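Here is a short report for a reader who is new to this structure. Please look over the chain first, then read on.

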Amino acid sequence: MNGNQKIHCTVGSCKYNNTNENMCALEAINVTPIQNCQTKKADESMCASYKNEKE
């Protein structure tokens with residue numbers, strides 16, 4: 001998938017978010033599990049590459 005992957009993102013507070021296109025500016029992101037969360041839904045994971053735009 002090298003070169004073809006796109007990361008769509010609507011988290012406006014992340015410094016890597018291109019809000020005009022709802023795209024992540026990073027070439028890759030790190031997704032990590034949330035501890036003690038076993039809902040078997042999307043809320044079990046989070047983007048560990050997130051940085052607040054003010055940092």
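## Overall layout

Helices here are DSSP runs of H or I with at least four residues, and strands are runs of E with at least two, numbered from the N terminus. On that basis, the chain has zero helices and four strands. Read from the N terminus, the order is β-β-β-β. The model is a predicted one.

The C-alpha atoms fill a box of roughly 35 × 30 × 15 Å along the principal axes. Take the contacts between residues at least 6 apart in sequence: 24% of them join residues at least 24 apart.

## Surface and charge

The chain has 55 residues, and 15% of them count as buried. It exposes about 4,800 Å². Carbon and sulfur atoms supply 46% of that area.

Charged side chains come to 6 positive and 6 negative. The centres of the two sets lie 3 Å apart.

## Cysteines

A disulfide is a covalent bond between the sulfur atoms of two cysteines. The structure holds zero disulfides. C14 is in none, and its nearest cysteine sulfur, that of C9, is 5.8 Å away. The cut-off for a disulfide is a pair of cysteine sulfur atoms within 2.5 Å. C14 counts as buried because its relative accessibility is 8%, and buried means under 20%.

What of C37? Its sulfur has its closest cysteine sulfur in C47, 16 Å away, so the two are too far apart for a bond. C37 has a relative accessibility of 18% and therefore also counts as buried.

## M23 in strand β2

M23 sits in strand β2, which covers residues 23-24. Is M23 buried or exposed? M23 is buried, since its relative accessible area is 17%.

Setting aside residues up to four places away in sequence, M23 touches K6, I7, H8, C9, Y16, N17 and N18. N36 is 13 residues from M23 in sequence. In space, their C-alpha atoms are 29 Å apart.

## S49 after strand β4

S49 belongs to the segment that follows β4, a strand spanning 45-47. With 15% relative accessibility, S49 counts as buried.

Which residues does S49 contact, beyond its neighbours within four places in sequence? They are Y16, L26, A28, I29 and N30. For N30 there is a further detail: its backbone nitrogen lies 2.7 Å from a polar atom of the S49 side chain.

How values were computed:
Residues are numbered from 1 along each chain as its sequence is written. This is a predicted model: local features need pLDDT of at least 70, side-chain atom pairs count only at pLDDT 80 or more; totals for chains, interfaces and linings use all residues. Side-chain values use heavy atoms; hydrogens and water are left out. Buried means under 20% relative accessible area, exposed over 50%, partly exposed in between (1.4 Å probe, protein chains only). A polar contact is a pair of N or O atoms within 3.5 Å; within protein, one must be able to donate a hydrogen and the other to accept it, and residues adjacent in sequence count only if both atoms are side-chain atoms. Contact means heavy atoms within 4.5 Å. Accessible areas come from the Shrake-Rupley method with a 1.4 Å probe; for residues, only the protein chains shown count as cover. Lys and Arg count as positive and Asp and Glu as negative; His and the chain ends are not counted. The place of a charge is taken as NZ of Lys, CZ of Arg, CG of Asp or CD of Glu.
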